[in-house]
Amino acid sequence: MCMFCKNTTTKKSVTTFTASLDNCVIIIKNVPCEECEQCGEKYFSDEVMAKLEKFVQKAKALASEVFVTEFEKMVA
């Protein structure tokens with residue numbers, strides 16, 4: 001159920017995930033998600049969220065100000 005509009009149907013989609021950390025912005029494009037069919041709110045599976053968290057920690061150590069990548073290019 002959507003936390004915002006209470007709709008019960010979602011569809012497979014992709015989105016752009018952005019994380020702001022101190023002096024760095026990390027942008028990951030084409031991240032798989034479920035999208036509410038009514039309001040468009042995006043939800044990540046536990047597996048995708050775990051990959052995002054792991055990658056953000058790696059990117060944080062490498063990035064200067066902005067880091068942009070595709071989800072499929074992230075190291076598993």
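Where is Phe 44 found? Select Phe 44: this residue is in the loop between β3 and α1. Helices (H or I, at least four residues) and strands (E, at least two) are DSSP runs, numbered from the N terminus.

**Before going on**

This is a predicted model, in which local features need pLDDT of at least 70, side-chain atom pairs count only at pLDDT 80 or more, and totals for chains, interfaces and linings use all residues. Residues are numbered from 1 along each chain as its sequence is written, and side-chain values use heavy atoms, with hydrogens and water left out.

**Colour by confidence**

Colour the protein chain by pLDDT, the predictor's confidence in each residue, from 0 to 100. The chain averages 89, and 95% of the residues score at least 70. Go to strand β3 (residues 42–43), where confidence is highest, at a mean of 97. Then go to strand β4 (residues 66–70), where confidence is lowest, at 79. Where pLDDT is low, the predicted coordinates should not be read in detail.

**Phe 44 and its partner**

A search of the whole structure finds one aromatic pair (ring centres of Phe, Tyr or Trp, its six-membered ring, within 6.5 Å; planes under 30 degrees apart are stacked, over 60 edge-to-face, the rest tilted). The ring centres of Phe 17 and Phe 44 lie 5.9 Å apart with planes at 75°, so the pair is edge-to-face. Phe 17 belongs to strand β1, and 27 residues separate the two.

Now show accessibility (relative accessible area with a 1.4 Å probe, protein chains only: buried under 20%, exposed over 50%, partly exposed in between). Phe 17 is buried at 16%. Phe 44 is partly exposed at 26%.

Next, show contacts (heavy atoms within 4.5 Å). Beyond four places in sequence, Phe 44 touches residues including Pro 32, Cys 33 and Met 49. With that exclusion, the contacts of Phe 17 include Ile 26, Ile 27 and Val 56.

**The core**

Stay on Phe 17. A nonpolar core is a set of buried Ala, Val, Leu, Ile, Met, Phe, Trp, Tyr and Cys residues joined through side-chain atoms within 4.5 Å. The largest one has 13 residues, and Phe 17, Leu 52 and Phe 71 are among those with the most contacts inside it. Select β1 (10–21), β2 (24–36) and α1 (46–62): each supplies at least two residues of this core. The largest share, five residues, comes from α1.

Select Asn 30 in strand β2. Asn 30 has a positive phi of about 60° although it is not a glycine. Its relative accessibility is 38%, so Asn 30 counts as partly exposed. Finish at Lys 6, in the segment before β1. Lys 6, also not a glycine, has a positive phi of about 70°.
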